[in-house]
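Please find below a colleague's note on the structure shown here.

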Amino acid sequence: LDPLSLIIQTDHGAILFYARQYERAAAKLRAVIARDASFPRAHGLLHGVYQEQGKVEEALAAIESSGWSAENPWYLVGMARTHQLRGDRRQARVELARLAELTERKRLDAGALVYATSAVGTRDEAFAALEQAYQQHSNVLTSLKVNPVYDPLRGDARFVRLMRRVGLN
């Protein structure tokens, strides 16, 4: 009904991302950003696309151009995941610690911790964050079946049980 809607176009990019059609997703998300450079969801998703493609510098640029501050949990997620991809595990853990502190101090959605710990943390940390997200009814759980962020956790029996609890299995 509204082909020019930024959120609809961004969500189309998200669908392409979840379908692992990364080039098409990136093109869609870059088009959204070209129309409105301050649209944060498009930057975050574009960061995810570049992460999955292994494009470190592009991922970093997507986060840095988002306009998010260091007080934004999704900025910290992006930085943690990008440093991990870059091979700088120490800095990735620093960003994860900042995120954990911010999430605790501001009582934010645990979804950000899920995204960060799935890449940077231990499996136990990732599942603890997933449990927090479940208790909070976080919307990050709606993409458990399709989001590549969860790929490192899929083979674990705890993931299968969580999918069942959420009603996706």
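**Notes on the model**

1. Gly13 is buried, with 0% relative accessible area; buried means under 20% relative accessible area, exposed over 50%, and partly exposed in between, with a 1.4 Å probe and protein chains only. Gly13 belongs to helix H1, residues 6–18. Helices (H or I, at least four residues) and strands (E, at least two) are DSSP runs, numbered from the N terminus. Beyond its neighbours within four places in sequence, Gly13 contacts Ala25, Lys28 and Leu29, where contact means heavy atoms within 4.5 Å. Gly13 and Lys28 are separated by 15 residues in sequence, and their C-alpha atoms lie 5.5 Å apart.

2. On provenance, this is a predicted model, in which local features need pLDDT of at least 70 and side-chain atom pairs count only at pLDDT 80 or more, while totals for chains, interfaces and linings use all residues. Residues are numbered from 1 along each chain as its sequence is written, and side-chain values use heavy atoms, with hydrogens and water left out.

3. The chain as a whole has nine helices and zero strands, and its pattern along the sequence is α-α-α-α-α-α-α-α-α. Its radius of gyration is 15 Å, close to the 15 Å given by the globule rule for 169 residues, so the chain is as compact as a globular protein of that length. The radius is taken over C-alpha atoms, and the globule rule is 2.2 Å times the number of residues to the power 0.38. Along the principal axes, the C-alpha atoms fill a box of roughly 40 × 35 × 30 Å.

4. Among contacts with a separation of 6 or more, 53% come from residues 24 or more positions apart. The accessible surface amounts to about 8,400 Å², and carbon and sulfur atoms hold 55% of that surface. Accessible areas come from the Shrake-Rupley method with a 1.4 Å probe; for residues, only the protein chains shown count as cover.

5. How many aromatic pairs does a search of the whole structure find? The search gives five. Rings of Phe, Tyr and Trp (its six-membered ring) pair if their centres lie within 6.5 Å; planes under 30 degrees apart count as stacked, over 60 as edge-to-face and the rest as tilted. The ring planes of Phe17 and Tyr18 stand at 50°, with centres 5.7 Å apart, so this pair is tilted. Phe17 is buried at 3% relative accessibility, whereas Tyr18 is partly exposed at 24%. Tyr150 and Phe159 form another tilted pair, at 6.1 Å centre to centre and 40° between the planes. Tyr150 is buried at 0% relative accessibility, and Phe159 is buried at 3%.

6. Trp74, Tyr115, Tyr150 and Phe159 make up one aromatic cluster. The backbone nitrogen of Trp74 is 2.7 Å from a polar atom of the Asn72 side chain. Asn72 itself sits in the loop between helix H4 (56–64) and helix H5 (73–86), and is buried at 18% relative accessible area.

7. Thr82 is part of helix H5 and is buried at 1% relative accessibility. Apart from residues up to four places away in sequence, Thr82 touches His47, Gln51, Val56, Ala59 and Leu60.

8. Ala126 lies in helix H8, residues 123–136, and is likewise buried, at 1% relative accessibility. Setting aside residues up to four places away in sequence, Ala126 touches Thr117, Ser118 and Leu153. Ala126 and Phe39 are 87 residues apart in sequence, with 28 Å between their C-alpha atoms.

9. Arg107 has a phi near 50°, a positive value in a residue other than glycine; Arg107 lies in the loop between helix H6 (89–106) and helix H7 (111–119) and is exposed, at 63% relative accessible area. His137, also not a glycine, has a positive phi of about 60°. His137 is in the loop between H8 and helix H9 (157–166), and is exposed at 71% relative accessibility.

Note on methods
A polar contact is a pair of N or O atoms within 3.5 Å; within protein, one must be able to donate a hydrogen and the other to accept it, and residues adjacent in sequence count only if both atoms are side-chain atoms.
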